[in-house]
Amino acid sequence: MIKLIKIVSFLLLGCLYLSCTAAAGTSRFSSPPKTVKPIQYEVSDLSANTFSNNTLLHVSGKIKNTSFYPIQGYVIIRFQDIGHSNLGYVEADLNQNRLLQHNELGDFEISVNIQNEPDIQSVSVEFVSTVGR
């Protein structure tokens with residue numbers, strides 16, 4: 001009976017050793033996790049003006065690529081009321097959909113009818129990348 005316990009113990013220890021070795025080997029040779037490069041940009045020359053008895057809003061500005069790699073995408077312009085609650089948004093092309101190199105500026109411009117949203121008090125701009133990084 002003691003011999004049988006020793007054999008079973010030996011087999012269990014052997015299996016444990018093999019599974020630990022396999023686990024250690026897997027983690028030792030696995031590829032590093034992929035990292036996402038953050039997109040860095042600055043908004044400048046932002047202008048929002050109303051025309052035609054406050055029924056037309058014209059928004060324009062520039063995005064500067066402060067990342068160290070080219071970026072491409074569009075901007076989302078959000079409309080907010082006096083309490084900074086979002087009332088809606090529009091999308092605008094950036095730099096005619098061409099790449100922006102490091103420190104390069106790209107323009108955006110859009111006019112929208114705001115006759116149904118008279119409470120707009122401010123706008124905010126966000127860049128959205130269309131190039132996978």
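Here is a short exchange about a nonpolar core and a sheet in this predicted model.

Analyst: Local features here need pLDDT of at least 70, and side-chain atom pairs count only at pLDDT 80 or more, while totals for chains, interfaces and linings use all residues. Residues are numbered from 1 along each chain as its sequence is written, and side-chain values use heavy atoms, with hydrogens and water left out.

User: What makes the largest nonpolar core a core, and which residues have the most contacts inside it?

Analyst: The term covers buried Ala, Val, Leu, Ile, Met, Phe, Trp, Tyr and Cys residues joined through side-chain atoms within 4.5 Å, where buried means under 20% relative accessible area with a 1.4 Å probe, protein chains only. Here 20 residues qualify, and I77, F79 and F108 have the most contacts inside the core. At least two core residues come from each of β2 (56-65), β3 (73-80), β4 (86-93), β5 (105-113) and β6 (122-129); these strands are DSSP runs of E, at least two residues long, numbered from the N terminus.

User: What is I77 in contact with, beyond its neighbours within four places in sequence?

Analyst: Contact means heavy atoms within 4.5 Å, and the partners of I77 include V59, Y89, F108, I110 and V125.

User: How do you know that β3 and β4 pair?

Analyst: Pairing takes at least two DSSP bridges between two strands. Seven bridges join β3 to β4, so the two count as paired, and they run antiparallel. Among the bridge partners, I76 goes with E91 and F79 with G88.

User: Why are β4 and β6 called edges?

Analyst: The open sheet has the order β4-β3-β6. β4 and β6 each have a single partner strand, so one side of each is left without a neighbour in the sheet.

Key
Buried means under 20% relative accessible area, exposed over 50%, partly exposed in between (1.4 Å probe, protein chains only). Helices (H or I, at least four residues) and strands (E, at least two) are DSSP runs, numbered from the N terminus.
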